[in-house]
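Please open the model in a viewer and keep the selection panel at hand. The tour below moves from one selection to the next and states what is found at each stop.

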Number of protein chains: 4
Amino acid sequence: MSVKVGILGATGYTGLELIRLLINHPQMELAFAGSQSSKGKRLKEIFPFLEGFKEGDLILEDYKEIPQDVKLLFLALPHEVSMEIAPQLLERGFKVVDLSGAYRFKNLPDYETFYGFKHTHPEVLQKAVYGLTEVFREEIKNADLVANPGCYPTATLLALYPLLKNPDLIEEETINVVGLSGVSGAGRGLKQHFHFPEMTDNMFAYKVTMHRHTPEMEFVANSLTRKGLKFRFTPAVVPIDRGMLSIVTLKVKKTDLRELYEETYRGEEFVKVVDYPPKSKEVIRTNYCFVYPSYDERTQRAVIVSAIDNLVKGASGQALQNANLMLGLDEGEGLRGLIPSAV
Amino acid sequence: MSVKVGILGATGYTGLELIRLLINHPQMELAFAGSQSSKGKRLKEIFPFLEGFKEGDLILEDYKEIPQDVKLLFLALPHEVSMEIAPQLLERGFKVVDLSGAYRFKNLPDYETFYGFKHTHPEVLQKAVYGLTEVFREEIKNADLVANPGCYPTATLLALYPLLKNPDLIEEETINVVGLSGVSGAGRGLKQHFHFPEMTDNMFAYKVTMHRHTPEMEFVANSLTRKGLKFRFTPAVVPIDRGMLSIVTLKVKKTDLRELYEETYRGEEFVKVVDYPPKSKEVIRTNYCFVYPSYDERTQRAVIVSAIDNLVKGASGQALQNANLMLGLDEGEGLRGLIPSAV
Amino acid sequence: MSVKVGILGATGYTGLELIRLLINHPQMELAFAGSQSSKGKRLKEIFPFLEGFKEGDLILEDYKEIPQDVKLLFLALPHEVSMEIAPQLLERGFKVVDLSGAYRFKNLPDYETFYGFKHTHPEVLQKAVYGLTEVFREEIKNADLVANPGCYPTATLLALYPLLKNPDLIEEETINVVGLSGVSGAGRGLKQHFHFPEMTDNMFAYKVTMHRHTPEMEFVANSLTRKGLKFRFTPAVVPIDRGMLSIVTLKVKKTDLRELYEETYRGEEFVKVVDYPPKSKEVIRTNYCFVYPSYDERTQRAVIVSAIDNLVKGASGQALQNANLMLGLDEGEGLRGLIPSAV
Amino acid sequence: MSVKVGILGATGYTGLELIRLLINHPQMELAFAGSQSSKGKRLKEIFPFLEGFKEGDLILEDYKEIPQDVKLLFLALPHEVSMEIAPQLLERGFKVVDLSGAYRFKNLPDYETFYGFKHTHPEVLQKAVYGLTEVFREEIKNADLVANPGCYPTATLLALYPLLKNPDLIEEETINVVGLSGVSGAGRGLKQHFHFPEMTDNMFAYKVTMHRHTPEMEFVANSLTRKGLKFRFTPAVVPIDRGMLSIVTLKVKKTDLRELYEETYRGEEFVKVVDYPPKSKEVIRTNYCFVYPSYDERTQRAVIVSAIDNLVKGASGQALQNANLMLGLDEGEGLRGLIPSAV
């Protein structure tokens, strides 16, 4: 027997990725696909390659039309739309996994500084659980609203978690992070600098001092450590469709990082501690996070490199992992068939 | 009247790039192309697209056959070969621009630590001038042996130079650098992970704690500042043929970085201070370095991003810029026709 | 209960793709991985991203060590090795799916002309069944030796099959085919022109008048039509890892091509007739073939464009589809979870 | 002394490429840059990497403001705009190189069929000279209006010209052409399928039976042969920014194609007959066309493959080559410094 779920914002890249994952999920059924801009169309009019799948025949509908037997909704919506609509959906009894940034951290002023809007539902925000599965698994199981992490925070916090669990090892207030992302992270909307002839053979840093994922990383890191850590985070975009590396540098007490990391992640299905700097291609189209910890004696810095697919573990895959937990299903269901590759 | 020059190691990527630049140079003539592995062949047998250019008809010759009317030699050779051969060439009266790492820094033990060999010509090393043109222009003009900088050090030191000139502004001992490089930086030799089906859509960090360009950056930075700076340098390779970004982070006194940078580089033809994070594609196939300085109030860090073409400003272009100076020619000759683009 | 299968030549790209598919297959178990060059190593030493999968722990073994409870073997070997070893394996009672070209067509002289060797097992060749699943499904079910089609012939023959079934529609002896392939089609072996810096941003035709897949296409087309058709086949390689287009042009009687194609492929799970020129990316990492038929009134030519993933429907996916049939399993098992995408 | 020239439509890709070429041209000066959509802005506001070049300081102006001392105008405009404006500019005494399709062929009904508009200036059309430099050089020298060829026609007609000059060799009415193009050929305007995450790793045919360059190829081929040839032309787009291959197949009398091609193109600076299928990357960012003729005995077909950069020889480079001739300058001026490469 399948659980019925729905997606609001089904026509973006994270929406599409959710659809593809749900087609394969043996215990969930995609029963509702919402889109304000394309309502009335069939999904396969937007994504013609879905011809022949029953999900392709779904008619995109207004958000108000969600059938009441749907148990859980994925919100793949703009931040402000999610902020407004999530409380209403919770009210109506749906469980919600929100893929936007609207419910990820509790520090209200940071919404104004980094997102440019005032949070209108601080009371709901207090109840949201941050969906970094490997860190907050137990809370997620009981949550009605999970704020699914951003792609950079997923890669970065998984790279740091064994140290954040052991805050005494951290000897520096400011953590340096350079994140490298595939272009799908910026979404399906067209922009001149992502026009193929300009983006191919190209790379550039952006939002150098002010990226929205900074307060998210800081909030989670400080929840875990109570240390007042700051993140000096510089993102750059590289000419790949999917894939993300986080290169994290911080001063730590000398320790056996490999042992610490392997112990922390022992038994995790989707986080693997590897003994070489991971290649982003190895994890694309999978839900894995590969983490490589190393220590530089010369500068007494830990250098940790992690790799994920920004659309899977960094968005829709982790959202499904969380939904599995919220619905009492096996956490890896629908994600286990995605196998790493070299080519 | 043209000056005759030669290349030893003409069949690699930096050799090829030098040939292409020299075809266009109005005052230099490529009179000798050396290659131990391909001697006896014509250049166009290696590079068939050079058919029709007189340089394509050059016969690759043994290094011993250099005609005495050649004034200057570019060495595009493995480090140890350069180390051995450069002193002999100087002895025979040639000026030398060495593109290898053999003569770039003076600290002997670092050759053993980072390059794995003991330097056999410390006395010649003392006389070598580091060819970062914009910084050591006057010394280069009078040098017989110029050690042409590595690609990462070129991008990183040009990103830092205005601060290195003002060491009082620097408030941290350890400078964090993440360098992103196109694959041509690794040369023409075949490797499994650079096989197209594996490298496309891919990126990964490498030599995370021990890259050879680290002691080079430290030596130059400390020559300029006398401060004992350390570089925490992490390189990563991305799926582009050419292009390099250096993302440099360090704690500095609050200052007007833009003014400092513009003042430092005023009048420089090939270094431009830009007001947006530069795109690597803008400078590929040119000799430009674009530098973007910014300051993050939250963490009191300067974040400087620079962009070059690793094969041009990061290798053969800068080598030609230096050769122009060593031969008393206009520094930009043969390089000025390479114009930035978006596509 | 799982059926045990094995792979000879497990370390190439088609071998790897088979391993990935078998990890997901609910009714097959990879019980043997053979490699002459890497024997004694674990699979995960070659493919470190398989760490954590039990298949990654398989020890690569000599071909002689195949356990007798293995039912079926996939040969991902060089043509001549396959030619010699397949008869021995059949003799020992294994079913065989041969991914090489050794048993694909019956015309002996073409092996000398196009492959450069004399076929040493013409009697076995007579019994081999050509594994173009949608065309020879019934024969495949009862075969002991299936010659799995080449990638270009798969794309091209599926593009042509509705016409080949109706040979009276064909009004020209020579069929024009341009095939565009991703680089993985050339295998895992290193070559200068597939070195990333040279292959990126590049494309070129190759083996313009003499590609090995030509006699294969002709043999199958003429088996179906008895018409003496010739293929003017020009392949070109483009800078993608996976993906293949076949652009087929031939003079035909005016007819309703769309109806003909839809009727021919009605009910096929993996061949879809689409109403736009298919994008290769839509089918990569899936077993689908998308076919677009069109008719040009001006020149009275049919122009049919088909798209596949050269490593899946063009190699390992179709091999698994055939193995499913040979073992009495559901044809789509292990392949159904691979869903098309746009990104 | 420089000749003053101008560009109308300076902010597209062909406009940008012209600007870059003119920066390097020793005898032309870019004195006017027109843009209706961006008038009043400086060029460097559109293309910030032009900062520091005096051309970057040009103010984009209304087409009416062209100074009278400008001798020649490049029109990089939409077809219909060019059609209307070219006659007015000729009237005002400017020489014109039109990069649009508006004046390329004389057969009026084809404008309606393939371009969707009725030609409003048939009398001007009669006087336009088709700017395929190597074929119509003498006419171009004396022309006031040159219709610069499309990219596919340039590559295809140069691949065919030695046969078109010898029409008796051609034994087939219908010539088969598959053209492969980089994405810049589609211009700077944004489209969903050219959004980087969708176009990377992708390729697809388009306008399969009805591409606008078909009547252009046919008109020129039939002007030269008087044979009533038809072109079955299928274009496809591949994931590169620049570069184009034309793969041409036609039945010909057996002949020594190599000799014929070498004789035809002897002495041409920018067309080279090569003895291997040319790589598109070799000619990108150059004005060269590499042509490879071959003959397939089995099918009695000539297969000719040519390679160009669609933005240079296929657009702005050839436009400059033509402008040089129209102004009495050396044909290769400003184009000679663009040297082929492998990387």
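**First stop: the boundary between the domains of chain A**

Begin inside chain A, where 20 residues of domain 1 are in contact with 25 residues of domain 2. The model is a predicted one. To display the two parts, select residues 3–148 together with 313–326 of chain A for domain 1, and residues 152–310 of chain A for domain 2. The C-alpha centres of these two domains of chain A are 24 Å apart.

Next, colour the elements on the domain 1 side of this boundary. Those that supply two or more residues to the side touching domain 2 of chain A are α4 (108–115), α6 (133–141) and α12 (312–326) of chain A. The greatest contribution to that side of domain 1 comes from α12(A), which gives six residues. Colouring by residue class shows eight nonpolar, seven polar and five charged residues on the side of domain 1 of chain A that touches domain 2 of chain A.

**Second stop: Gln318(A)**

Now select Gln318(A), which is located in helix α12 of chain A.

When neighbours within four places in sequence are set aside, Gln318(A) is in contact with Gly131(A), Thr133(A), Asn148(A), Pro149(A), Thr154(A) and Lys313(A). For a distance check, pick Leu108(A) as well: Gln318(A) and Leu108(A) are separated by 210 residues in sequence and by 25 Å in space, C-alpha to C-alpha.

Along the principal axes, the C-alpha atoms of chain A occupy a box of roughly 60 × 45 × 40 Å. The radius of gyration of chain A is 19 Å, which agrees with the value near 20 Å that a compact globule of 343 residues would have. Of the 343 residues in chain A, 60% count as buried. Among the contacts in chain A that link residues at least 6 apart in sequence, 71% are between residues at least 24 apart.

Select residues 3–8 and 28–34 of chain A. Strand β1 (residues 3–8) of chain A and β2(A) run parallel and are joined by six bridges. Which residue of β2(A) is the bridge partner of Val3(A)? The partner is Met28(A). Strand β2 (residues 28–34) of chain A has five of its seven residues buried, so the strand is largely enclosed by the rest of the structure.

Display chain B beside chain A. Chain A is superposed on chain B by a rotation of 180 degrees with 0.0 Å of shift along the axis, at an RMSD of 0.0 Å. This is the relation of a two-fold axis. Both copies use the same surface, and 100% of the contact residues of chain A recur in chain B.

Select the contact itself, to which chain A gives 41 residues and chain B gives 41 residues. On the side of chain A that touches chain B, the elements giving two or more residues include β7 (174–181), β9 (230–237), β10 (244–251), β12 (289–296) and β13 (301–308) of chain A. The residues on this side of chain A comprise 21 nonpolar, 10 polar and 10 charged.

Move to residues 13–23 of chain B. In helix α1 of chain B, 10 of the 11 residues are buried, so the helix is largely enclosed by the rest of the structure. Among the buried residues are Tyr13(B), Glu17(B), Arg20(B) and Leu22(B). What do the buried residues of α1(B) pack against? They pack against β1 (3–8), β2 (28–34), β3 (72–75) and α12 (312–326) of chain B.

**Last stop: chain D against chain B**

Finally, display chain D with chain B. The same surface serves both copies, with 96% of the contact residues of chain D recurring in chain B.

Here 25 residues of chain D are in contact with 24 residues of chain B. Helix α1 (residues 13–23) of chain D provides the largest share of the side of chain D that touches chain B, namely four residues. By class, that side of chain D has 13 nonpolar, five polar and seven charged residues.

Key:
Residues are numbered from 1 along each chain as its sequence is written. Chains are lettered from A and ligands numbered from 1 in the order in which they are written. This is a predicted model: local features need pLDDT of at least 70, side-chain atom pairs count only at pLDDT 80 or more; totals for chains, interfaces and linings use all residues. The radius of gyration is taken over C-alpha atoms; the globule rule is 2.2 Å times the number of residues to the power 0.38. A residue is buried if 20 or more other C-beta atoms lie within 10 Å of its own, exposed if 12 or fewer, and partly exposed in between; C-beta atoms are placed from the backbone. Two residues are in contact if their C-beta atoms, placed from the backbone, lie within 7 Å. Copies are superposed by least squares on the C-alpha atoms of residues with pLDDT of at least 70 in both. Ala, Val, Leu, Ile, Met, Phe, Trp, Tyr, Cys and Pro count as nonpolar, Asp, Glu, Lys and Arg as charged, and the others, Gly among them, as polar. Domain bounds come from an automatic or database domain assignment. Two strands pair if DSSP finds at least two bridges between them.
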